[in-house]
Amino acid sequence: MENKHSLEQQLSALFTEELAEEAQEKMHKYNKLMAYYRCAMMEVETKLNVLNEEFSLRYDRNPISGIKTRLKKLPSIQEKLKRLGVPPTIDNIEEHLSDVAGVRVVCSFPEDVYMLAKALLSQDDITLIAKKDYIAYPKENGYRSLHLIVAVPIFLAHEKRIMRVEIQLRTIAMDFWASLEHQLRYKKDFQFTEDMAKELKFCAELSAELDRRMDALRELVQEDGKPSEAP
Ligand code: 0O2
């Protein structure tokens, strides 16, 4: 009896140890992948900062008002893989998701959005994978932004890896609308009515009108002073 007990104990200890090792291995692989995504976001952020710096030297104004980066959280990753009908494995994260690494660029004027996108995409180590122009073609609810999925290399000690990053470029007015709409839409225990959706869409149209007017002013100022050619 004593022997059986000790055998059971030994087996259970071995089993938990194996499971623990497996879990640890998976965790390590996951953390490594997330670190690669963080490096890719840093690469993209640096490229954008360099463009901002160059533009400000040439034209005496900054096209970028702010950059935010975010790594998709594990529950959102799991939820998206489930939605895609793909098993939640670490390999599938890299294979099926393009928005684990996200960089949001808030620009001063609509023209800056396109100028930055063009300058970034013309760099020879950046590959455009997908583009969604929600500025030219806003979403039904009024959402506007330029979305790019790009592949960017990261250089590690012994290898080069190509990582995908989602870049959202938008103006201050677009960002203002999207941030508030997001807050309202995800308000707990609140049912969004059709009238509220209409009102939000109207606000999106006002913000688009604001962008148009500010861009017209920028053009006047630019024509008066500096050359209007983009870097
Ligand atoms: P988070 O935390 O902001 O990243 P999917 O990602 O599957 O929903 P798709 O087609 O791959 O769909 O993505 P899409 O339409 O290019 O845009 C996804 C992201 O754009 C969202 O990320 C938002 O950040 C932003 N977005 C898109 N539509 C709206 C909108 O109507 N309102 C606001 N405020 N933001 C929007 P996530 O994954 O929702 O979250």
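**Entry 1: the ligand**

I looked up the residues around the ligand: there are 17, and Arg-70, Lys-132, Lys-139, Asn-141 and Glu-181 come nearest. A residue counts as near a molecule if one of its heavy atoms lies within 4 Å of it. I noted that this is a predicted model, in which local features need pLDDT of at least 70 and side-chain atom pairs count only at pLDDT 80 or more, while totals for chains, interfaces and linings use all residues. Residues are numbered from 1 along each chain as its sequence is written, and side-chain values use heavy atoms, with hydrogens and water left out.

I then took the distances one by one. For Arg-70, an N or O atom of the side chain is 2.6 Å from an oxygen atom of the ligand. For Lys-132, the distance from a side-chain N or O atom to a ligand oxygen atom is 2.5 Å. For Lys-139, a polar side-chain atom lies 2.8 Å from a nitrogen atom of the ligand. On its own the ligand has 730 Å² of accessible area, and the protein covers 70% of this. Such areas come from the Shrake-Rupley method with a 1.4 Å probe, and for residues only the protein chains shown count as cover.

Where does the ligand sit? I found it in the largest pocket. A pocket is worked out on a 1 Å grid over the protein atoms alone, as an open set of points with protein on both sides within 12 Å along at least five of seven lines. A molecule sits in a pocket if more than half of its atoms lie within 2 Å of the grid points.

**Entry 2: helices**

I checked which helices supply the shell around the ligand. Helix H2 (74-83) and helix H5 (172-185) each supply at least two residues. H5 gives the largest share, four residues. Helices (H or I, at least four residues) and strands (E, at least two) are DSSP runs, numbered from the N terminus.

I compared the length of H5 with what is expected. H5 has 14 residues and reaches 20 Å from its first C-alpha to its last, close to the 20 Å expected at 1.5 Å a residue. The expected span is 1.5 Å times one less than the number of residues. In H5, the buried residues are Ala-173, Met-174, Asp-175, Trp-177, Ala-178 and Glu-181. Buried means under 20% relative accessible area, exposed over 50%, and partly exposed in between (1.4 Å probe, protein chains only).

I did the check again on helix H4 (residues 110-121). Its 12 residues should span 16 Å at 1.5 Å a residue, and the end C-alpha atoms are 17 Å apart, which agrees. Among the buried residues of H4 are Pro-110, Val-113, Leu-116 and Leu-120.

**Entry 3: the loop between H1 and S1**

I went to the loop between helix H1 (2-59) and strand S1 (64-71), where Asp-60 is found. Phi of Asp-60 is near 65 degrees, a positive value in a residue other than glycine. Most residues other than glycine have a negative phi. Is Asp-60 buried or exposed? Asp-60 counts as exposed because its relative accessible area is 62%.

Asn-62 has its place in the loop between H1 and S1. I noted Asn-62 as partly exposed, at 40% relative accessibility. Asn-62 and Asn-49 are 13 residues apart in sequence, and their C-alpha atoms are 10.0 Å apart.

I also looked at Leu-14, in helix H1.

**Entry 4: the loop between S3 and S4**

I found Arg-144 in the loop between strand S3 (127-133) and strand S4 (146-155). Arg-144 counts as buried because its relative accessible area is 9%. Which side chains does the side chain of Arg-144 make polar contacts with? One is that of Ser-207, at 3.0 Å, and another is that of Asp-211, at 3.0 Å. A polar contact is a pair of N or O atoms within 3.5 Å; within protein, one must be able to donate a hydrogen and the other to accept it, and residues adjacent in sequence count only if both atoms are side-chain atoms.

Pro-138 lies in the loop between S3 and S4. At 43% relative accessibility, I put Pro-138 down as partly exposed.

Definitions and conventions:
On a 1 Å grid over the protein atoms alone, a cavity is a set of points where a 1.4 Å probe fits but cannot get out, and a pocket is an open set with protein on both sides within 12 Å along at least five of seven lines; lining residues have an atom within 4 Å of a point.
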